[in-house]
Amino acid sequence: MTNCQLHGQKGTCKTASHFCIDTGSIIFGSYAFGGAPRGKGWIEGVPHPNIRPRMKDLLRVLKYFRPDAGRVAGVFGLLLANVALNVLKPWPVAVLIDSVLGQKPLPGQRAPMETWARPLMAAWLSAAIFLLYFAQGGLSSAQNYYSIQVSLRGLTRVRAEIFDRLLRLSLRFHQGATAGDLIYRASWDTYSIQTLFQQGLMTFVTASLSLAVMACIMARLNLPLTLVALALAPLLVMGIRVFGRAMRERTTRAQQADSRVTSLVQQCIAALPLTQSYTREELEAERFQGEAKEAQRLRLSQHGSELGYGFAVAVIFGFGTAVTTWLGSRQVLAGCLTVGGLFVFLSYLVLLYEPLSQLSYVGATVAGALAGARRVFEILDTPDEVRVQSPAAKVPEAGDIAFRGVCFAYEPGREVLKEVTFRLAAGESAAIVGPSGAGKTTLLLLLPRFFDPGRGEVELGGVDLRRLDLKDLRRHIGVVPQEPIILPATVAENIAYGKPGAPPGEIAAAARAANAAGFIEKLADKYQTRIGEGAARLSAGERQRINLARAFLKDAPIILLDEPTSALDGESEELIAESLRQLLRGRTALMVAHRPATIAGFHRVLVLEEGRLTEFGTPAELRAKGGYFARVTGLPKVE
Ligand SMILES: Nc1ncnc2c1ncn2[C@@H]1O[C@H](COP(=O)(O)OP(=O)(O)O)[C@@H](O)[C@H]1O
Ligand SMILES: [Mg+2]
């Protein structure tokens, strides 16, 4: 992971935590959250926005570390002790050179040392060197450990917050986003918070402090040499000017390429049955190799620019060290500096250049990490679309459902529901009929408030849904989607998802009611069989019956079903039809349905055509009317 050259000081960011987080912003990002129509989240090749550090964002990052203020103070304490020991480190050697090997009196003494005492003194000084290194190494490790600990705690805080947010964001948000992008933001982009703290703030403070301390001490030792050594700083600034931009751009491009490789693998796996049945494996492999080679080329070019900068830094420091040594030796030769003094000064030079080099990277690190942090904040800042007007009202038991002049559009200017008005009494069931794309699913989604109408109201028991407590409302509604959803868990956990901790007896009763008990009993571990992703596969009919069992167990007074039988063959449909009749009994229900046999049992029929409610009445009434419903149910118009 050599791109730390850009993102942090050398050597300290070998962990996975320093990724140049911007990857996703090019591949996935660049769409407005909160109202994006589906499928528009994938904009490739958008140039990386030039991100300048904004104080607001930086302060916001600090917020995640506020609970650890005490720990941070401890880290700074360790840092100060560390710097102090660093300052002491060259002194035993200097005394050794000047007073043990040379003839200068020991500090605080007048006469040079006795010959017999010299070996003993050398031993003592060597022991002192060891102790200093030992203590400094220990302190440095402790300081890094606690600093990493604090940064990881901040990371966990921001991850928890973003996950919580993802769970609450509306369906519209999730339809507008790509799963890959959200995963990337929640798992990788969040690292930028850690990077900003550790490689940004901590490095900045540590390096500035070390630099200031070293510069003061060196200036007191030898002002002219210190000024010469510091004269290099502008060169360093120039170096980062020349290389910084190239490094950032190449890093971004390399990350884009890596992202493309990742998404190619993802797409290929998703489309594998297609690829295999059309025997396109070779072609796909070629495509992949092309992308992988491109990624390789771009990574190499990125590392090239980083190493170029590393080389420039080495040259600058080499030049500085050479000039300082030359001037220093002249001072020694002239007798105004001891050899030990020169040694101490040159040792300090390293300690001066290290923070200087770290500081030259901090800007680039912060800029890179801020891009990631902003992508995290973007999600955190997405406004709640579905809001409850306070004070929230309680959900009326057994209320009737009313749509009044409801209009709804996913995208501005393209209304999917137009002036839909109807009323369904409590305990009645209605079938929603209409051609594909008429807005049937959309109509159902308005009831649990996955969306709110643009105009008009949806009411339950005479109360606008927007005034009801959202959780309470959703507790009152059971939903059976068109595509059954199976979680990677056991059969029992799947059925009891809406009622955690339900006793096994109740789960089994729900399964029996949904006609699912039969096949569950035949599974290897019965109710404890793991199903869903990466486990036993169920047929479409079986999956749907698990979903029905879930709805039975939830036992909600309102039930919404979206073509629950459309993916089933005749036999499975027969099995489910009976469960459905059971489920609807005594509940207020809306079901998107097509088969005349199913619809016949409903109290009401709603016909939706291009977003308009064109027919509404009992099945018999509509058949008599001779419109769309009569046509699709295949009965001639009754004259
Ligand atoms: N998330 C969405 N974003 C934009 N348009 C959508 C979205 N979902 C559905 N639509 C559009 O809304 C219309 C109605 O869709 P839908 O309610 O699913 O119809 P139905 O269930 O009757 O087949 C369709 O034209 C569909 O393309
Ligand atoms: Mg639909």
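Predicted model: local features only at pLDDT ≥ 70, side-chain atom pairs only at ≥ 80, totals over all residues.
How many bridges join E1 to E2? Seven bridges join these antiparallel strands.

Residues are numbered from 1 along each chain as its sequence is written, and chains are lettered from A and ligands numbered from 1 in the order in which they are written.

**View 1. An open sheet of four strands runs in the order E2-E1-E4-E5.** The pairing is antiparallel. Strands (E, at least two residues) and helices (H or I, at least four) are DSSP runs, numbered from the N terminus. Two strands pair if DSSP finds at least two bridges between them. E2 (414-424) and E5 are the edge strands, and each pairs on one side only.

**View 2. E4 (residues 455-460) pairs with E1 in the antiparallel sense.** Five bridges link the two strands. One pair of bridge partners is Phe403 and Val458, the latter in E4.

**View 3. E4 and E5 (residues 463-464) form a hairpin with two residues between the strands.** Two bridges hold this antiparallel pairing. Leu460 has Val463 of E5 as its bridge partner. Gly461 takes a positive phi near 60 degrees.

**View 4. Ligand 1 is surrounded by 14 residues.** A residue counts as near if its C-beta atom, placed from the backbone, lies within 6 Å of the molecule. The closest are Tyr410, Val416, Lys440, Thr441 and Thr442. Strand E1 (401-411) and helix H15 (440-446) are the elements that give two or more residues to this shell. H15 gives the most, with three. By class, the shell has four nonpolar, seven polar and three charged residues. Here Ala, Val, Leu, Ile, Met, Phe, Trp, Tyr, Cys and Pro count as nonpolar, Asp, Glu, Lys and Arg as charged, and the others, Gly among them, as polar.

**View 5. Helix H10 (residues 223-230) has buried residues Leu225, Thr226 and Ala229.** They fall within an arc of 100 degrees seen down the axis of H10, so they line one face of the helix. The arc is that of the directions from the helix axis to the C-beta atoms. Leu223, Pro224 and Leu227, on the other side, are exposed. Buried means 20 or more other C-beta atoms within 10 Å of a residue's own, exposed 12 or fewer, with C-beta atoms placed from the backbone. The buried residues of H10 pack against helices H9 (191-221), H13 (281-333) and H14 (339-381); contact means C-beta atoms, placed from the backbone, within 7 Å.

Note on methods. Contact = placed C-beta atoms within 7 Å.
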